[in-house]
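The briefing below is arranged by topic.

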Amino acid sequence: MNDLFAGFVEAAHLVLTLDNDLVEISLRSLQVSVIAVFIASLIGLPLGALLAVARFRYRRTVIALLNSLMGLPPVVVGLVVYLLLSRAGPFGVLDLLFTPTAMIIAQVIIVTPIIASFSHQALRDLWYLYHDLLISIHTSKAQRMKALLWDGRRALLTATLTGFGRAIGEVGAIMIVGGNIDHLTRVLTTAIALEVGKGQFSLALGLGIVLITIAVVINLAVHSLSKTERGGVW
Amino acid sequence: MVSSILPLTLINVSVRKGAKVILGPVDWELSSSGCTIVLGPNGAGKTTLLRLMHGLQKPSKGEIAWQADFKTVSARQSFIFQTPVVMRRTVLENLIYPLLVRRIPKKDAEREAAEWLEAVGLEDFKQKAAVTLSGGEKQKLAMARALIIKPEVLFLDEPSTNLDGASTVSIEALVKKAIADGTRIVMATHDIGQARRLASEVVFLLHGKIHEISAGGVFFDAPRTNEAQSFLRGDILL
């Protein structure tokens, strides 16, 4: 109980004094996760739309695969990316290991299936509504995907935010490929893991509270921005 | 004037769902002008016949032959569904969508849309979300969206079944205007009064088969088959 209280005090102290290290690792957390989610959305949203409108032979298999990839263990993803990017690995020459770029790559792999799968589920229902009309109007497959992505944007926002939540709270993969190097690849989650290891529970808890607050604020901000657009119906 | 996509010929067409034949075999030629009413009780195969002609449904057997290639034919027909399908956009965006799909510039499309909004009486709702419209308004929007591409053939699948009297009147007025503009109409209904008001030709469908094809007046005054006679009397056909 004492530790919890000390954690809140520590969090308040860190935030109120705008602790330099805190600001730095928070911004890096945001930078890595936002870029990763952006890239994952570029892949995942069209993939979700394609799986909703296209009928091909192994579609069910792809969807089942995607759903199971949602549960990819981050540690394993980290390990595979580590091996690919390490000096001896196939992409070793790029010299990316222990950089924010490596962390972004790992997070894209973790988040893309989540965004693709959730957007597929949302767009599948919308496609059920639109199916007859869009075929009747004689739209091309690309036009159908575009209509679904645009008209389903509310639901896709939720899919993207789910991906963001997963990314910003993720620790296993970025610890391995980032290395938790101070002033270079340290982010909120890896810093928490480090402080726990050192027995600094109140500082760890303080960082944790900051992390949760950032996630909540981002979600609230995105939702309020999108809802003010047009009435609450869609 | 470009050459017509009509007449449409159906040759020995049938549709099966599993082991059950839900339509056919049907042999029929859809002539170039007029308003054909496909009449029959629920489950007679009216919807299937319309969807088949429009290309929403593939025949299990037989051939559907238009007078032009697939692309031309698909571009020159529209379909009105029993339950109007509106997209999650504003009324105006719904209306111009078929034009945008045809790569018509947005400005021109919106100019065209303004006339149609007035014609169906939705000009005050143009920035409203289409899903918030009432059933009758949605169907009027669907009519405008179907007609905005100036189709040569318009299929209507019981367009006013779920509507009240006033909305039915405005839908029928739009259909009549389309007929006057030379649009070929094929409309399914089980409403005998509506059929009487609009038909220049009646196709009486029962158990998936065409029982009788007559000119509108002839069908209602002197139906040839017993089934058509009892249907017109209001008997329930099983």
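Chain A has a mean pLDDT of 91, with 96% of its residues at 70 or more, and chain B and chain A bury about 1900 Å² between them.

**Chain A: fold and confidence**

- The secondary structure of chain A consists of 10 helices and zero strands, and when it is read along the sequence the pattern is α-α-α-α-α-α-α-α-α-α.
- Along its principal axes, the C-alpha trace of chain A spans about 65 × 50 × 30 Å.
- Among the elements of chain A, the lowest mean pLDDT, 83, belongs to helix α1 (residues 2–16), whereas the highest, 96, belongs to helix α4 (residues 74–85).
- Where pLDDT is low, predicted coordinates should not be read in detail.

**Contact between chain A and chain B**

- The contact draws 25 residues from chain B and 18 residues from chain A, and of the area buried between the two chains 61% lies on carbon and sulfur atoms.
- Two salt bridges are counted between chain B and chain A, and a salt bridge joins the side chains of A:D151 and B:R89, at 2.6 Å from N to O.

**Largest pocket**

- The largest pocket holds about 760 Å³ of space and has a lining of 26 residues, among which A:I135, B:G55, B:L56, B:Q57 and B:F70 lie nearest its centre.
- Two or more residues of this lining come from each of α5 and α6 (141–151) of chain A, and likewise from each of α1 (46–54) and α2 (70–75) of chain B.
- By residue class, the lining of the largest pocket divides into 13 nonpolar, eight polar and five charged residues.

**Cavities**

- Three cavities of 30 Å³ or more are counted, and the largest cavity contains about 140 Å³ of space.
- The largest cavity is lined by 17 residues, and those closest to its centre are A:S136, A:I137, B:S78, B:F79 and B:A146.
- The elements giving two or more residues to this lining are α5 (100–136) of chain A and, from chain B, β5 (77–80) and α5 (135–147).
- The lining of the largest cavity is made up of 11 nonpolar, four polar and two charged residues.

Terms used: Residues are numbered from 1 along each chain as its sequence is written. Chains are lettered from A and ligands numbered from 1 in the order in which they are written. This is a predicted model: local features need pLDDT of at least 70, side-chain atom pairs count only at pLDDT 80 or more; totals for chains, interfaces and linings use all residues. Side-chain values use heavy atoms; hydrogens and water are left out. On a 1 Å grid over the protein atoms alone, a cavity is a set of points where a 1.4 Å probe fits but cannot get out, and a pocket is an open set with protein on both sides within 12 Å along at least five of seven lines; lining residues have an atom within 4 Å of a point. Grid points are joined across faces, edges and corners, and a volume is the space filled by probe spheres set on the points. Helices (H or I, at least four residues) and strands (E, at least two) are DSSP runs, numbered from the N terminus. Ala, Val, Leu, Ile, Met, Phe, Trp, Tyr, Cys and Pro count as nonpolar, Asp, Glu, Lys and Arg as charged, and the others, Gly among them, as polar. pLDDT is the predictor's confidence in each residue, from 0 to 100. Contact means heavy atoms within 4.5 Å. Buried area is the accessible area (1.4 Å probe) that two parts lose on being put together, summed over both. A salt bridge is a side-chain nitrogen of Lys or Arg within 4 Å of a carboxyl oxygen of Asp or Glu.
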